[in-house]
Amino acid sequence: MPLYEGRLGAQMGVDKRGAVDLAIAWWLAARSPRSLVYLPLKGSAADCGAEYGGRKLDLVLLHHSLGFRVSQWKEVRGRLGAGRVQKVTMPADPFPERESEAARTRWHRDFKDRLRWTIAADTLFLVGSRSAFEFEGEQLRALAEDCPSHLAEQPDTHCCAEIELGRFNSTDRRNPWSQLHVECCNRHW
């Protein structure tokens, strides 16, 4: 499951297992405000998304309340060990649908609960609150659960999640609008 820096944001190609792993990591980042969720994707041997160009990136998902400074990432990553396996049980509805009013206000210019992003040490950092992750998480759930049936019926179907990052039409140079495009790789599905 490689992640590439692209012209319009970041591009990720996933297979079935990768779609599920990403949805679970996303859910964990939304529900665990004291966790830094690290996906070491640079070493992926798969080449899905390579046609979009750009350098390979790792991915870190974290709650904004951690106050983690991305400038410390290289040092922290250097101290990481092999880790340990932990079992996570997800609920039946991991990303609840938002009230229609909340969904409408999401596009209002004063709405501030968006995912912030930055790239440091060849790593894409996505930082936000629980609701910021949940707003975008439904797309990843659909990618993992709904796209397999679409691809079984029509193998050339384009199944993707388009995760909005930053603020659209914003002058905020530290967090401009971008997108994480997560696409089911038809060659490896």
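The following legends describe close-up views of a predicted model.

**View 1. The open four-stranded sheet.** The strands of this open sheet are arranged in the order β3-β4-β6-β5, and their pairing is mixed. Strands β3 (36–39) and β5 (116–120) form the edges, each pairing on one side only. From one strand to the next, the twist averages 20 degrees.

**View 2. Pairing of β5 with β6.** Strand β6 comprises residues 123–128 and pairs with β5 in the antiparallel sense, over five bridges. Within β6, F125 is the bridge partner of T118.

**View 3. Helix α1 on the sheet.** Helix α1, formed by residues 16–31, packs on the sheet and touches β3, β4 (58–63) and β6. The direction of α1 makes about 160 degrees with that of β3.

**View 4. Helix α4 across two strands.** Helix α4 spans residues 130–145 and lies across β4 and β6. Relative to β6, helix α4 runs at about 110 degrees.

**View 5. A nonpolar patch on the surface.** The patch is formed by V20, I24 and V88, which together have about 180 Å² of accessible area. V88 is located in the loop between α2 (73–79) and α3 (100–105). The relative accessible area of V88 is 38%, and this residue is therefore classed as partly exposed.

Terms used: Residues numbered from 1 in each chain as written. Predicted model: local features only at pLDDT ≥ 70, side-chain atom pairs only at ≥ 80, totals over all residues. Heavy atoms only, no water. Pairing = 2+ DSSP bridges. Axes fitted to C-alpha atoms, helices over the stretch in contact; angles between N-to-C directions. Contact = heavy atoms within 4.5 Å. Patch = residues over 30% accessible without salt bridge, like charges linked within 9 Å, V, L, I, M, F, W, Y side chains within 5 Å. Areas by Shrake-Rupley, 256 points an atom, 1.4 Å probe, with all protein chains shown as cover. Salt bridge = Lys/Arg side-chain N within 4 Å of Asp/Glu carboxyl O. Buried < 20%, exposed > 50% of the residue type's maximum accessible area, 1.4 Å probe, protein only.
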